[in-house]
Amino acid sequence: MSVSGGTGGCAGAGGAAFDLTAASLHGSLADPALESMNFLNEVASRYPGAVSFASGRPTEDFFDVALLHHYIEVYCRYLSDDLGLTQEQVNRTLFQYGRTKGIIHELIARYLATDEGISADPEAIVVTVGYQEAMFAVARALRADDRDVLLAVWPAYVGMTGAARLADLPVWPVRSGPDGVDLDDLAGQAGRARAAALRPRACYLMPDFANPSGVSMPVPVRERLLEVAGELGVLLLEDNPYGTFHSGSHLPTLKALDKNRQVVYLGSFAKTAFPGARIGYAVADQLVAGTDGSVSLLADYLSRIKSMLTVNTPSVAQAVVGGKLLAHGFSLARANERETARYLGNMRRLLDGLASRFPGQDGGRSPVSWNAPTGGFFVVVTLPFDADDELMELSARKYGVLWTPMSHFYAGQGGLRQARLACSQLPPEQIDVGLDRFAAMVRDRLGGSAPGIRAGTGAGLG
Ligand SMILES: Cc1ncc(COP(=O)(O)O)c(C=O)c1O
C-alpha cells in the first residue's frame, strides 16, 4: 500500500530529517519478488466473489478447533508418559522459551523415517517458523560474500526467490525441462558461474509436484542429479511440501537417496498439518569444519541464525504438530488420507474440465494446452496470448476467476503466456464454475471464434 503526500524525507520530533527514501532501504525492498505475494493477495481481496485458482492453500473443509486441543493433549501425554517429565517440566516445555533447534525434532525424525524413508539424526533437524525461515537461514549461511550464488530450477517458488534476495544471495536460473531439472543446464550454469570467479553454493529444487510447474522428477533423474551435483560440488536444497499428495507411486526423495550428505532437506507442515501453525524444518546434516579444527553440523550454524531471528519456534505450535504426528503413528500420509483424496479428485476434475472446455490439445488443434501432474496442487496452462497481471486483474473483475500469472515465478523473465491453476482449496463443484469463467475469458480474448474451445455455461459473475 502506498500513501500520498510523501516527499521522500520525514521530520523527527526535534525537527531532524530522517533519510527514509525507499532508495535508502535494503535493495530487496525494491525487488518485485517481495511484492508478488502481496499483489496476488491484494487482487484476491478486491474480488471476494471470484473463484480462485490462484491460491495453493490447503482445503479448509477438515479444519477443526477441537483437534488443536486434542493434539496438544496427545503431545503433553507423550512428554509425561513416554519421556517421564514432571507436570512442572511439561508446563515449562509449553510456556517457557525453548530449545533453539526445536522440541519436536525426535518426532520429525520418526515421521521422516516412516513416510519418506529418510534416516535423519534428530540433532541435524532445526524446527523453524515455516519453510520460509529455514530457507532464509540456509541462504544467509551460504552467502559469505559477493562471490556466492544460488542455482535454482526455474520457474521457482517466490518464497525461495524472496528469501535469497533478503540474504543478498543472487539466484541463477536452471532450466526445468520435462524432467524437473535440465542436468546439462545445471552443469552449464555452474561452469559459467565458476568461469566468472563466482561460487555456486547450492541448487534449489522441488522434485515432487513442484510449485509452480507441477512437474516431478523421474527416479533415474534424481539419481543422476545427485551424481552431477556431487561432481559440481554444489549442495542440493530439496523443498518438498507437496510430495505426500500423490496417487499411489511415491518416489524416493533426494534426501532418502542421499548417501553423501549432499542434500539439505527443507520441510513444511503447512500443507500436511496446517499453515497457521507456521512449522517447518531443515534437515542439515552437512559437516562444517570450524577454524579451530572442530566439526559441527550445518544445523548448528542454522540454529545460530535462528537464535537471532525468531529465538525459538513457538512451542505451542510445535506441540500441535507433534501431537498430530504422535496421533497418527508418525505417518502424515495416513493422517492426510481424506485430504489426499480431495486433492486428487480436484486435480482430476480440473484436468477433465480443461479437456472438455478446450478439446483437441492432444492433436494440437486447441490453442490452449496444459500439463497433467499426477498429484500436488498445480497445473500450468499455456495460452495463445499474454497472461500477465493486467489480464489476471481483468479476469477477476469481468469474469470472476483468479489464477496466477506464471511470470511471477520467472522473476518477470519468462512464462508470459502461462497461467498457474491451483485446485487445492476449492470445493469440487467450484472448479467447474471457475473453468467456465476461465474458458469464457479465453474465448473473448480470442475474439469468440477460436477452434477447439467449447462455450461454458454460467460464465461471468452472474
Ligand atoms: C514450494 C513451497 N515451499 C514451501 C511452502 C511452505 O512454506 P511455509 O512452511 O513457509 O508456509 C510452500 C507453500 O506455499 C510452497 O509452495
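**Entry 1: terms and model**

A cavity here is a set of grid points where a 1.4 Å probe fits but cannot get out, and its lining residues have an atom within 4 Å of a point. I am working on a predicted model.

**Entry 2: cavities**

Rolling a probe the size of a water molecule over the atoms shows where empty space is left. How many cavities of 30 Å³ or more does the whole structure hold? The search finds three.

About 70 Å³ of space lies in the second largest cavity. I listed its lining: Tyr111, Glu116, Asn240, Pro241, Thr244, Tyr265, Gly267, Ser268, Phe269, Thr272 and Tyr281. Two elements give two or more residues to this lining, α4 (105-116) and β9. Which element supplies the largest share of the lining of the second largest cavity? Strand β9 does, with three residues. I then sorted the lining of the second largest cavity by type and got five nonpolar, five polar and one charged.

Next came the largest cavity, with about 100 Å³ of space. I noted Val153, Pro155, Ala156, Ser176, Gly180, Tyr204, Leu205, Met206, Ala210, Asn211, Ser213 and Val215 as its lining. By type, this lining divides into eight nonpolar, four polar and no charged residues.

I turned to the backbone. Most residues other than glycine have a negative phi, and most peptide bonds are trans.

The bond from tryptophan 154 to proline 155 is cis, with omega near 5 degrees. Proline 155 sits in the loop between β5 (148-154) and α6 (158-166). I had already met Pro155 in the lining of the largest cavity.

The bond from asparagine 211 to proline 212 is also cis. Its omega is near 15 degrees. I placed proline 212 in the loop between β7 (199-205) and α8 (219-232). Asn211 is another residue from the lining of the largest cavity.

**Entry 3: positive phi**

Aspartate 168 is not a glycine, yet its phi is positive, at about 60 degrees. I found aspartate 168 in the loop between α6 and β6 (171-175). Is aspartate 168 buried, partly exposed or exposed? Its relative accessibility is 32%, so it counts as partly exposed.

Arginine 261 also has a positive phi without being a glycine, here near 55 degrees. Arginine 261 belongs to the loop between α9 (254-257) and β9 (263-268). With a relative accessible area of 39%, arginine 261 is partly exposed.

**Entry 4: strand β14**

I finished with β14, residues 378-382. Why do I call this strand largely enclosed by the rest of the structure? Four of its five residues are buried, so the description holds. The cut-off for buried is under 20% relative accessible area.

I then checked the partners of β14. Strand β13 (residues 369-370) runs antiparallel to β14, and two bridges join them. Across this pairing, tryptophan 370 stands opposite valine 381 in β14. Strand β17 (residues 418-422) is also antiparallel to β14 and is joined to it by five bridges. Here I noted phenylalanine 378 opposite alanine 422 in β17. In a regular strand the side chains alternate between the two faces of the sheet.

Key:
Residues are numbered from 1 along each chain as its sequence is written. This is a predicted model: local features need pLDDT of at least 70, side-chain atom pairs count only at pLDDT 80 or more; totals for chains, interfaces and linings use all residues. Side-chain values use heavy atoms; hydrogens and water are left out. Buried means under 20% relative accessible area, exposed over 50%, partly exposed in between (1.4 Å probe, protein chains only). On a 1 Å grid over the protein atoms alone, a cavity is a set of points where a 1.4 Å probe fits but cannot get out, and a pocket is an open set with protein on both sides within 12 Å along at least five of seven lines; lining residues have an atom within 4 Å of a point. Grid points are joined across faces, edges and corners, and a volume is the space filled by probe spheres set on the points. Ala, Val, Leu, Ile, Met, Phe, Trp, Tyr, Cys and Pro count as nonpolar, Asp, Glu, Lys and Arg as charged, and the others, Gly among them, as polar. Two strands pair if DSSP finds at least two bridges between them.
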